[in-house]
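User: I would like to learn how to read a protein model. Could you take me through it feature by feature?

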Amino acid sequence: MKLLGLSIRSSLFYWRSHLSVLTGTALACAILTGAMLVGDSVRYSLNKNALLRLGNIHFALNSYDRYFREDLAVRLEAESAVKMVPALVMRGIALCRKGDRGDALQVNNVQIIGVDERFWTLSGIAESPVLSNESIAVNRKLAAKLGIAAGDEISIRFGKPSLLPRDAPLSSRKSDETVRGAFVLSGVVDDSQLGRFSLYANQIVPYNVFVSLQWLQKNSLLEGRSNLLLTAGKNEITPVQLNECIKKTWNIEDIGLVIRDFPKRELLQLESDRVFLDPFITSEALKIEQSAGSLTYLVNSIYRTSDNGSLGTPYSFVEALSPSPAGILGVVPEDMRDDEIILNKWMADCLSAKSGDDVSISYYELTSVNKFVEKTTNYKVHAVLDMHEITGELDLAPRFPGLTDAERCTEWDIGMPMDRVKIEDKANETYWKAYRHTPKAFVTLAAGQKMWANRFGNLTAARYSTQRYNKQQILRILRDTVDPIDAGLTFLPVRESALKAVNESMDFGQLFVGMSFFLVISALMLTGLLFAFGIQQRSTEMGILLATGFTPVTVRNILMLESCLVAGAGAVAGAFLATFYTRGLIWGLGNYWQGAVAGSTIFYHAQPLTVFIGAITSFVCAMLSMLFSIRRETGRTVHALLSEYIGEDTPVKGNKARGQWLWFVFPSAGLIIAAWVIVNSITTGMHNATESFFISGALLLASSIGLTRQVLVKWTSPGNFMSLSGLAVRNTGRRRGRSLAVVSLLACGCFMVFAVCSMQMDVSANAWMRFSGTGGFALFGESTIPIQVDINSPEGRHKLRLDGDDLLNDVRIVSVKVRDGDDASCLNLNRAQVSRLLGVDAAEFLARNAFMVDEKKEKTWELLNKALPGGEIPGIAGDADTATWGLKKKTGKDGDVLIYRDEKGQQLKVKLVGKLPMRLSVFQGTVLISSSAFAAKYPSESGYRIFLVDAPRGDLKKVDDLLSQALGKYGIDFIESVDRLKEFYAVESTYMSMFLVLGGMGLLLGSAGVLIVVLRNILERRSELALLDAVGYNRRNLNKVILLEHGIIVCIGLAIGCIASFAAMWPSLQSQGSNIPVAIMLFFIIAIVLLQFICIGASIRIAMHSSLVASLRNE
Amino acid sequence: MPILVLENIGKTYPSGPNGTVEILKGVNLVMEPSQTCAIVGPSGSGKSTLLNIVGTLDFSTTGRVLMDGQDVSMFDNADKAVFRNRRIGFVFQLHHLLPQCSVLENVLIPAIVNKDTGDAEKRADALLETVGLGDRRNHRPGQLSGGERQRVAVVRAMINNPKILLADEPTGSLDNSGAEKLGDLMVKLNKQFGMTLLVVTHSESLAERMDMIYELSSASLTRKK
């Protein structure tokens, strides 16, 4: 018979013992592999979601609030031989009326997507919904939310876009209007038909409305324009190649530039439909030889300096022009200095001014935080021009919607503050009637740019002489020199980014393995114990094998082979069981732990490799746990193996005793270090709470278990124990390994469970305080359509109809600008690739000490205004969790740099110089930059979309109602700030409850281990118990001894676990907002103690069921 | 008055689906105080079963056991435990010493249950001196020889001054020399303390040293000496 044969025969003979080991291994494997498979399933589901939201789309050109000509798609298609699909996307609101009373149901933050039939080809499905001027389609999520079906009526509302950004000076506020359209729902777009379409890496399905592209273009006054270009691409095409195609096919008209011909003046003028020419255009436009720049502005007043304003005129157009020889390109001659001004005759008469007189111009300067500051500049009159000399300037002047198209001055509607009295100036009105917006004065371009250059541009036009150039030449030069990327015309690999976001998403496999760690360890310890018991039973057999000439290695190999067979079979069975266990966990995620996956549907998916890795890992772990026993048993002498006292631990004496002091010194040192770590964490203000928790917790556990070993050694030493309790205490040290295994299992289990319980946070505690995650703001609002006005100013309130109720007088609102991006909060399972960017006015928060835990020490808000080298912009993470988990980036002096693209498609480096100090804030998932940096980089992102409301606590509901009602048309949702924190916290809270369930299961498994240990102890000692029975111990006494012995071990384990967890959590418990669920923890403690004693009781009952007398015999 | 009276003791065990095996049938025995008696017989004849019935560790199917005039078969389990503790001493073939306890502690095990540890310790020391193990009182069982362990087991049986000492193959696991010494010890203790001694043994030499010898064969007890 060969070794393998002997092993197989032994395995079969001891099948009962091995079956229990196999079960333990299978359990460990099922738990471990199952946890890993959850990771597979979540990743698969996210991948599926990502592909559903993108269909066949591989690349996208998203120009946000810049609109390009739709026919660019046709030229690009011809150049690249890749199908291009243009679309126009806006944010809006969906409304419908339900019920007999016609109650309006409104859904905010809806994506309104203007598409034509080309869009649907990207889904790969031939069927497409009917979109027309009367009918639209919505996705399933929106249909379900509104409760509508095909044939029902539905309305949409969106903010009318403006080519001239609304924040720009002289931009009309008339365009601060919304457009509403009423339709019949033609159908519900399925997820497989791009119903989930979105370019943001988020598993949460957006609310989508699909409208006719033509209808949307027409009603948003963007006929023939798009802001999105989608393509499925083709094999091996890259974004770089696509961008090259853009360069080859684009023309400057695509980005709203136009060259007007003025034959009478022999001039060509470059203009933009955004009114102001972007700096990247002007730099190239003025590089052309013999060009002139023009910047026209509306000034507040022009007056004689000497008369201090008594002679003057309000609200006049002034043009700044590059000086040109003989006035070819404008009226400003070459010899005019920058401190000189030319007045037209009407203006000169009005001021009684002549050449050489001093004239002042007062005008508004637009600050970075969108405030207008009045400034004044003095000039000397260079010349006075007759009106006929400047008549042509009217045609050349830019057209400001709401201003230049007004019939009367009183009808002007622009963003700048205007004096209602001055605007009614009769003389000015007369001029308007006669000359419209013909400039009243002219300065040099340099002087004009010094006064009026702003982030939207420093020219309103560029002029060229037709004597030098024709229109085509200018067009060609500009096309060749301007980079379309600067205009936001750049393709990005959205599919690749989406898949990257999925690949870098939170690893649920790791999360579940972590959460199941204790459960796996319990199963492995159980496996090890069962195996150890099995081979201890066979110590005589091993002794005989050794006595008959087998070497210890051979005996070890026989046992190893056996354990291999058992562990292998267990791993295979476990891998099979894992598929069911995973389904169970996914069911839990779908029904009880939805918060953990933000309500997403998770589909079961198993990768064979994961199953293999899980099975192999479990097999190896099970083998290791068994190897320990094999080494221990086969390391004994033949004499010891055949001895009747095999496995009993004796008092430590002789050489062994000399080293025992180390067992006291090391644990004691561990306890001292743990205490120091805890105290240090408290005194340093919890800056390293997590590390402190794990270090002190591990030290406390290890040291306490080490000291317990010493106590057990002490208890087995000779001494007077003249009582039943004494006998029980003595027994605890008989099998120190077993006792310590039970102590460790229970201590670790309790530690994990109680520590997790202690981690519960009360987010509502201190929610009204400035240092909390709400910043002390009562309400958090987010609008779908940006609000353009200063919501705190009287004008703004009047415009928004917020001035009707006195209650709102005490309400102050901090407005925040938003650049949409990926949500980096815990609600997004995908890894944010380009997170949402918020533009905040740091001064508003500094003034309130908002979001500052220690206002004396912290300079977080001040960091936003710090100048950084290399063109980097300082940014701060929305909260600590955003930095750590959402972005996984470092913050501070050596903080990481996030790469964004600004509005011009240029790389924007945001360095994370800090983070809001609290773990959770209302800004979670975002990166904050200063409003000035935001405005500079995203000038087209006009208006505000996030609002933090300071309101009286008692009237919160009423304030909420008033604001929601007044701002309803902007699709605004207000939520109590603390509720927003609770939404985020729900994710963590769910993780904790998952951990508690899995940890509880681990403790249950640990209890099974206790049951087995007790059972084993009793069975091994049946003859001893029979002897006690014989000498007069009744059953009660025997039960008392056993119960006490094992009860002591259980209580030591529980006590170590509880004390260590509370001590390690102590620094966190000292912090604000900790919420220890005392009742739950007490329940847990009682339940665990009861469970353990029930297990001990059950073991006693099983083991003592039959007569003990037989054990006294020699058989 | 006899210290032990066995009246018509019978014992059957169930065997197979419906059958029974009769181990003891109509066994009668009377022993006076301080008397010694050996029960011999082939293996499996029921000697140990009879001893266990006498020691209240097992019960008879028929008949009764009178010890010191009391019908012990009428006692409940708790009373039997107290009775065993106070009146009976046991010595088994295996010593069944507690490995975690010292020699002295092992000896005191029966005393713990009736909380008589104060006097018991003195008695234990005296008894250990008597059996020649005075210097081993703090040793563990693992540190003793087989004969020494069995002597400790005898002292443990004697610690509560039992009226009757029941020994089941006490020399079964010892060599001839050890068996001889243990036999001497038991006789010596019998003489010194006057307890009744009932021994089940295969050892003819040990049996010969008893006042009476009974043979158990075919479920019946027959006096040989």
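Analyst: What follows goes from the whole chain to single residues. Keep in mind that this is a predicted model.

User: How many helices and strands are there in chain A?

Analyst: Chain A has 34 helices and 29 strands. Its C-alpha atoms fill a box of roughly 135 × 65 × 60 Å along the principal axes. Of its 1115 residues, 51% count as buried. Take the contacts in chain A between residues at least 6 apart in sequence: 82% of them join residues at least 24 apart.

User: Which residues of helix α7 of chain A are buried?

Analyst: Start with the general idea. An α-helix has 3.6 residues a turn, so residues three or four places apart point the same way. In α7(A), which spans residues 239-249, the buried residues are Leu242(A), Asn243(A), Cys245(A) and Ile246(A). Seen down the axis of α7(A), these residues fall within an arc of 150 degrees, so they line one face of the helix. Val240(A) and Lys248(A), on the other side of α7(A), are exposed.

User: What covers the buried residues of α7(A)?

Analyst: The cover includes β1 (59-62), α3 (72-80) and β20 (491-492) of chain A.

User: How does β1(A) pair with β10(A), and over how many bridges?

Analyst: Strands of a sheet pair through backbone hydrogen bonds, either parallel or antiparallel. Here β1(A) and β10(A) pair in the antiparallel sense over four bridges. Asn62(A) has Leu228(A) in β10(A) as its bridge partner. Strand β3(A), residues 84-98, is also joined to β10(A) by four bridges and runs antiparallel to it. There, Ala87(A) stands opposite Leu228(A).

User: Are the residues on the two faces of β10(A) buried or exposed?

Analyst: Both faces of β10(A), residues 228-231, are covered. Leu228(A) and Leu230(A) are buried on one side, and Leu229(A) and Thr231(A) are buried on the other.

User: Which residues touch the most other members of the largest nonpolar core?

Analyst: In soluble globular proteins, nonpolar side chains tend to be buried together. The largest nonpolar core here has 414 residues, and Ala94(A) and Val209(A) touch the most other members. Helix α15(A), residues 508-537, gives the most to this core, with 18 residues. Leaving out residues up to four places away in sequence, the contacts of Val209(A) include Ala94(A), Val110(A), Ile136(A) and Leu142(A).

User: How many residues of chain A are in contact with chain B?

Analyst: On the chain A side there are 28 residues, in contact with 32 residues of chain B. Helices α23 (724-732), α32 (1022-1030) and α33 (1035-1070) of chain A each supply at least two residues to that side. The most come from α32(A), with five residues. By class, the side of chain A that touches chain B has 13 nonpolar, nine polar and six charged residues.

User: What is the strand order of the open sheet in chain B?

Analyst: Its four strands follow the order β2-β1-β4-β5 (chain B), with antiparallel pairing. β2 (19-31) and β5 (70-71) of chain B are the edge strands, as each pairs on one side only. β1(B) and β4(B) are joined over five bridges, and Thr62(B) in β4(B) is the bridge partner of Gly10(B).

User: Where is Asp58(B)?

Analyst: Asp58(B) is in the loop between α1 (47-54) and β4 of chain B. A residue needs 20 or more other C-beta atoms within 10 Å to count as buried. Asp58(B) has 16, so it is partly exposed. Among the residues that Asp58(B) touches is Val1109(A).

Key: Residues are numbered from 1 along each chain as its sequence is written. Chains are lettered from A and ligands numbered from 1 in the order in which they are written. This is a predicted model: local features need pLDDT of at least 70, side-chain atom pairs count only at pLDDT 80 or more; totals for chains, interfaces and linings use all residues. A residue is buried if 20 or more other C-beta atoms lie within 10 Å of its own, exposed if 12 or fewer, and partly exposed in between; C-beta atoms are placed from the backbone. The arc is that of the directions from the helix axis to the C-beta atoms. Two residues are in contact if their C-beta atoms, placed from the backbone, lie within 7 Å. Two strands pair if DSSP finds at least two bridges between them. A nonpolar core is a set of buried Ala, Val, Leu, Ile, Met, Phe, Trp, Tyr and Cys residues joined through C-beta atoms within 7 Å. Ala, Val, Leu, Ile, Met, Phe, Trp, Tyr, Cys and Pro count as nonpolar, Asp, Glu, Lys and Arg as charged, and the others, Gly among them, as polar.
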